[in-house]
Amino acid sequence: MGDDDWLAQRFEEHRQHLRAVAYRMLGSHAEADDALQDAWLRVSRADASEVENLGGWLTTIVARVCLNMLRSRNTRHEVSLDSHVPDPVVRIPGVSQPEDDAVLADSVGLALLVVLDTLTPAERLAFVLHDMFDMPFDEIASMTGRSPGAARQLASRARQRVKGAAPGHPDTDLARQRQVVDAFFAAARDGDFDALAALLHPDAVLRIDGGVRLAAASRALRGKAAVSRQAGSGLRPLLTRPDTVLRPALVNGAAGMLVLRGERLGAVVGFTIIDGGILEIDALSDPERLDAMVLP
């Protein structure tokens, strides 16, 4: 086996881990795939003969590519709006999808990805690599052009933002989550505003991301009253259509729902539930991103 073939085989062995890093860094499946392609081009042109920790070396290359992509987003003023919903990872219960299991190894929820979008590129890199993948700060420092102490401060600031974004820890009981999600859609279908309000956390947030084609539908609402009104008035006409089908799913490891219009995916809805109440609802209805999703 030649050196090129050997390196290509090693890259493939690490692909799931590298894609997990890229997904956390970028919150986008398409961009994560682009990052891995770019990283492979760099790897294939490099001399890896004296690399002692191949996995760490590959992770560093992917992280640098992702950092450049995040900085490029800011340069183009493509700052995430309040209504932006990161690309979800969708699983159908009972259907094996090992490639997504790797991406979700740490149960990175949509709510966390939304917070990561508010960080600076350097903060996001430091938090993801250290807090999620245990990379030492001296290695992170070399990527950011800062000292190890400054890299530690980047991760600390990011950590405080993440901790301050939610008033508690998300519920982990999937059966209980499913009961709350099903009750939410039943109340929305019936237009039962009181029942909707009873299911919501006092600090409830609703994000609807329609993308470029449905920009008018995008919005971010906060507070139990505003979220229950929107859910009751906005969802009921859709849920009462005869061609609408609800399909239970796991969305980034938590109970969620697929909303289909006939055979076409109309929305992916993820939930963050704390103390039995719905804290965040993240609805992706962007036709371009939904059409790119492949569901089992």
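Modeller: Let us begin with a definition: two residues are in contact when heavy atoms lie within 4.5 Å. Please keep in mind that this model is predicted.

Biologist: Which residues of α7 and α9 meet under that criterion?

Modeller: On the α7 side they are A122, E123, A126, F127, H130 and D131. Their partners in α9 are A151, L154, A155, R157, A158, R159, R161 and V162. Sorted by class, this contact of α7 with α9 has eight nonpolar, one polar and five charged residues.

Biologist: At what angle do helix α7 and α9 pack?

Modeller: An angle from 65 to 115 degrees counts as roughly perpendicular. Helix α7, residues 121–132, packs on α9 at about 90°, and the two axes are 8 Å apart. The pair is therefore described as roughly perpendicular.

Biologist: How do helix α8 and helix α9 pack?

Modeller: Helix α8 (residues 137–144) and helix α9 (residues 148–164) make an angle of about 90°, with 8 Å between their axes. By the angle criterion, α8 is thus roughly perpendicular to α9. From α8 the contact involves F137, D138, I140, A141 and T144, and from α9 it involves P148, A151, R152, L154 and A155. The classes here are seven nonpolar, one polar and two charged.

Biologist: In what order do the strands of the sheet lie?

Modeller: Strands count as paired if there are at least two bridges between them. The open sheet has seven strands in the order β1-β4-β5-β6-β7-β2-β3, with mixed pairing. Its edge strands, β1 (90–91) and β3 (219–222), each pair on one side only. Within the sheet, β4 (residues 244–251) pairs with β5 in the antiparallel sense over eight bridges, and A249 stands opposite G256 of β5.

Biologist: With which residues is L235 in contact, beyond its neighbours within four places in sequence?

Modeller: L235 is found in helix α12, and the residues in question are F184, F185, A188 and Q230. A separate reading is the C-alpha to C-alpha distance: L235 and R189 are 46 residues apart in sequence but 6.8 Å apart in space.

Biologist: Which residues lie nearest the centre of the second largest pocket?

Modeller: They are I208, L238, G266, A267 and S285, from a lining of 26 residues. The elements giving two or more residues to this lining are α10 (174–190), β2 (200–209), α12 (224–239), β5 (254–261), β6 (264–274), β7 (277–284) and α13 (287–292). The second largest pocket holds about 630 Å³ of space. Its lining comprises 17 nonpolar, four polar and five charged residues.

Terms used:
Residues numbered from 1 in each chain as written. Predicted model: local features only at pLDDT ≥ 70, side-chain atom pairs only at ≥ 80, totals over all residues. Heavy atoms only, no water. 1 Å grid on protein atoms, 1.4 Å probe; cavity = no way out; pocket = protein on both sides within 12 Å on 5 of 7 lines; lining within 4 Å. Points joined across faces, edges and corners; volume = space filled by probe spheres on them. Helix = DSSP H or I, 4+ residues; strand = E, 2+ residues; numbered from the N terminus. Nonpolar A, V, L, I, M, F, W, Y, C, P; charged D, E, K, R; others polar. Axes fitted to C-alpha atoms, helices over the stretch in contact; angles between N-to-C directions. Parallel < 35°, antiparallel > 145°, perpendicular 65-115°, else oblique.
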